[in-house]
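The entries follow the structure.

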Amino acid sequence: MLDNSSFSFLQHHLHLSEVSSTNDVAKQLAEENLVKQGYVITADYQNTGRGQAGSGWESERGKNIICSLVLNSNIPIEFQLYLNISMCLAVYDFVKQYCSNADVQIKWPNDVYINDKKVAGILIENSVQGTVIKQSIVGIGVNINQTGFDSHKATSLSAITGLTYKLEECISGLLHHLEHRYHQLLAGAHADLWHQYHEFFYRKNKKTQFNADAVDFEGIPKGIDEAGRLVVLIKNEVKTFNVKEIAWV
Ligand code: BTN
């Protein structure tokens, strides 16, 4: 494993006005050996922002956090799930700090919700060599000051609190939380990460509508299994689903 103790996410920050996607810029710069562990790329606007499962990511110019973080964790591939968990928890910590009275939860697999609406999404793209994750580009979008959305299921810090935030301060705050959780991951605190991810798990133990194979059904989310699949109790039977097999309705 690398000596990961000596870097800070606050040290190397490149801010750009407009990009295709900060994840694509980070990947390209990493391929050219121009960025390494702990480098952060942010932008005012992405014209081709990308989300999970081939979806897009829309974010009003200059209103929100759009950032990508370069990590060279060298962790074994079997711990990939804990990288996801640690990054989700960092974004959770950040949002909760600003909205301490609101219901902030982590929605499987990689979203953060406030009061049943999405405030943040995470897209992690890993390069694997053999059995080790050599590099990860962790792309994070957090809605901060945007208040109008096409989707009625989207929200922002500002929409919740009625306040306007300084983006640079928000970015520093987010990086601080990311650094903390990343060090927790590297220290091997898997049990703590697992426990806390489940503590803040969206709709845990609540009756919830899902869709799988074009059929809507009711189930009770219980958490995830060691492979990162969603565990749902359906008519007293425990079933597990990977990301492509089930959708929240
Ligand atoms: C999702 O919820 O589907 C994940 C959204 C991830 C969006 C961020 S914004 C910064 C980075 N660049 C991208 O193109 N996507 C991620």
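A backbone N or O atom of Gln52 is 2.7 Å from a ligand oxygen atom. In the side chain of Lys118, an N or O atom lies 2.5 Å from an oxygen atom of the ligand. For Asp111, I noted a polar side-chain atom 3.4 Å from a ligand oxygen atom. The protein covers 98% of the 410 Å² of accessible area that the ligand has on its own (Shrake-Rupley method, 1.4 Å probe).

I record that this is a predicted model, in which local features need pLDDT of at least 70, side-chain atom pairs count only at pLDDT 80 or more, and totals for chains, interfaces and linings use all residues. Residues are numbered from 1 along each chain as its sequence is written, and side-chain values use heavy atoms, with hydrogens and water left out.

Of its 21 residues, Ser21, Gln46, Arg50, Gln52 and Lys118 come nearest. By class, I found six nonpolar, twelve polar and three charged residues in the shell, with Gly counted as polar. Strand β7 gives the most to this shell, with four residues; strands here are DSSP runs of E, at least two residues long, numbered from the N terminus.

Key
Near = heavy atom within 4 Å. Polar contact = N/O pair within 3.5 Å; in protein donor to acceptor, adjacent residues only side chain to side chain.
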